[in-house]
Amino acid sequence: MNAIEEVFKIARAQTLIALCGTVPGYWFTVLTIDRIGRFSIQSMGFFFMTVFMLALAIPYHYWTLPGDTILMFTFPILLIASLGCVYLYLGKKYGASESNHGRRLASWSRTVLVKGPLGIVSWTELAFLVMFLALLIWSFSTYVHLGFETITPQSASEQGLQVWEDKLTTVALSLALVGNVCLAFLFFPVIRGSSVLLPLFGITSEASIKYHIWLGHTVMTIFTTHGLCFIIKWAALNRMWEMLTWDKVGVANAAGELALLSGLTMWATTFPRIRRKMFELFFYTHHLYIIFIFFFILHVGISYACMMLPGFYLFLVDRYLRFLQSRQRVRLISARVLPCETVELNFSKSPGLSYSPMSIMFINMPSISKLQWHPFTVTSNSNMDQDKLSVVVKSEGSWTKKLYQTLSCPSPVDHLEVSIEGPYGPASTTLMRHDMLVMVCGGSGITPFISIIRELIFKTTLGFKSPRVLLVCSFKNSSSLTMLDLLLPMSNTLSDISSLQIQIEAYVTREEEPISNHWDQLKTHYFKPNVTDVPISSILGPNSWLWLGLIISSSFIIFLIFLGLLTHYYIYPIDQNNNIYPYSTRALLNMLLLCICIAITGSAAFLWNKKQRVLEVKQIQNEDAPTPKMTSPYSLSYNTDRELESFPHQSLVDATKVHYGKRPNLKKILLECEGSSVEVMAAGPKKLRQEAKKKPAEEKKMVAEKSPAEKKPKAEKRIPKEGASGDKKKKRGRRAPR
């Protein structure tokens, strides 16, 4: 080794250390030094440096073997994830402040694409998409260019190939390397509770599903082309038998074909028409990802699979914690049945569980289906309802229809077994920094806005200045107007909506006038408690982010130690005797150790936090269930007509205006919205969301093109109270009947 080579290797090692420790540590210090102080940061720095050195020293011989790149690809991402858990914990503990950088970056969050195969895309998403595609194109062209430079007629003939066949092989291998880059990002968007990197960028797991869809289509397109290239080559050489080879050293072709077949089966059911009409088929076939990843790792070996290992590692942690949570049965307290085939389910909740607005929760009911899990928006507020959590279920599919029929029958069941996963939601919200919130929804799309309005009501009761709210909701029938009653919780907590500047414009599209008073048909059914049921709580307790960071870091350290011992005492002696250890078996042992380490640390954290949850369960179970006025001695159902006469509900009636027989004119409504910062949110049918996202950009462009003389100040819009003369002049503008 000459001096230049030695300097190069030292520089490469220093770069690795900087990427693993210095760069993440620097940014972590910048973000948290004002919160936790210099001493705590220095102590954490010494601790992680000790862990890093031990991880290098204990399995040192393993890192000297050629082709082993686990530490280089996995350790930096997991270190950032561990430090991100600490940062999110501190932000939750001390309160994340809404800085002005959100206003400066607001223009980048504006919608640029509305219709098309990509769906609704913002400027930020489009910029990252272009950069990612540029990375893929550059990587592919570089691999192909370097590979073609070494191909000559002589080199091709030495391998028994023609020049075009050798070049086709180079193209196929280049596609595999580029597909591995896409696969490295595939699992990050589908991580739910253990998603650390997404909350750091303000992205929720629900909003990131479209990134998973984009990456999935890209991965399967590249890998399918990769497989077709080799099939064409083998067919030209009359060597199709190579498809079934499974070499001891190198690439296992048979494993690659099995991985590709499982991937194609999943891919075939992901297209919108098939997914919407046969969702259960899509749901069940998507579990083939286990076979896909298993045979993919056996196909390429653990060295080439290391690039996708960080995302898959965090996904395994999340999946195991979700499995532990789903094994428990939660207590369902009551169900509020609405005449529009909608049910509000109210669960018992641990007082220590807090969640943000627009959170979602996955529900499984074995009496309806033992395998199906369905996501629903959490409508309750963790601050207003300390011991209850609510979700709204609209009867639309076979699963939800069966649930509604079970609860709306004259003699409903006394108890339902329910398992849940979640709730999952954004780490923080920026609702209070806007001057006005415009919420456009259709049908059951109102459910995410219920949680937002309840959060704003809670903020106003504490004295905070909340933005003005305009809720534009569209329903097919007047019976769906009863969903507006869900804006206020059932409990007797302080929920005066009069302190919130809210205007509700409800549109009934298929009726010219109200048919009947549907509010008389509201009823609530209470369920009998079961000793085995537990309240909904966080699987890792109130300090879940700290526990998650501990699971990620400790499981990886234990994995490195076990891997070093396995390599030193079992694999390395076999290699020394000129008996090369099979690559597939080595990859299988590595993945087995990885799963065992995650199971050990995850189970330990779960059992440690279970003690506190047991005490909370005993405390909640000792509380008596409510005893409302019953309609019959055999039913726990009662009519809620008297409850609607309370003052908060009367304030809700005064803020609501109902329009019959027409659809909302979003162009006119959004043009009349005034404020320096107006946030438009949409939920419901796809066309409605596209129209709501498209209109703000068009209206801003129209206003910008007007001359100053044409811009007239708008008069303040005043909603007349019930009985005013303004109601008589408008034939179709009516108040919500009560």
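Colleague: Is the crossing of H7 and H9 left-handed or right-handed?
Modeller: In this predicted model, the crossing of H7 and H9 is left-handed. A crossing has that name if the near helix is turned anticlockwise from the far one by less than a right angle, and it is right-handed if clockwise. Helices (H or I, at least four residues) and strands (E, at least two) are DSSP runs, numbered from the N terminus.

Colleague: At what angle do the axes of H7 and H9 cross?
Modeller: Helix H7 (residues 163–186) and helix H9 (residues 209–237) cross at roughly 160°, and their axes come within 9 Å. The axes are lines fitted to C-alpha atoms over the stretch in contact, with angles from 0 to 180 degrees between N-to-C directions. H7 is therefore roughly antiparallel to H9; angles over 145 degrees count as such, under 35 as roughly parallel, 65 to 115 as roughly perpendicular and the rest as oblique.

Colleague: What about H10 and H13: how do they pack?
Modeller: Helix H10 (residues 253–268) packs against helix H13 (residues 289–305) at about 155°, with 8 Å between the axes. H10 and H13 are thus roughly antiparallel, and their crossing is left-handed.

Colleague: Which residues meet there?
Modeller: Among them are Gly256, Leu258 and Ala259 in H10, and Phe292, Phe295 and Phe296 in H13. Contact means heavy atoms within 4.5 Å.

Colleague: Changing topic, how many residues has the largest nonpolar core?
Modeller: That core has 83 residues, and Leu548 and Phe559 have the most contacts inside it. Helix H3 (residues 70–94) gives the largest share, 12 residues. Such a core is a set of buried Ala, Val, Leu, Ile, Met, Phe, Trp, Tyr and Cys residues joined through side-chain atoms within 4.5 Å.

Colleague: What does Leu548 touch?
Modeller: Not counting residues up to four places away in sequence, Leu548 touches Cys85, Gly193, Ser194, Val196, Val317, Leu321 and Leu540.

Colleague: And Ser359, is that buried or exposed?
Modeller: Ser359 is buried, with a relative accessible area of 1%. Buried means under 20%, exposed over 50% and partly exposed in between (1.4 Å probe, protein chains only). Ser359 is found in the loop between strand S4 (342–348) and strand S5 (360–364).

Colleague: What are the ground rules for these values?
Modeller: Residues are numbered from 1 along each chain as its sequence is written, and side-chain values use heavy atoms, without hydrogens and water. Local features need pLDDT of at least 70 and side-chain atom pairs count only at pLDDT 80 or more, while totals for chains, interfaces and linings use all residues.
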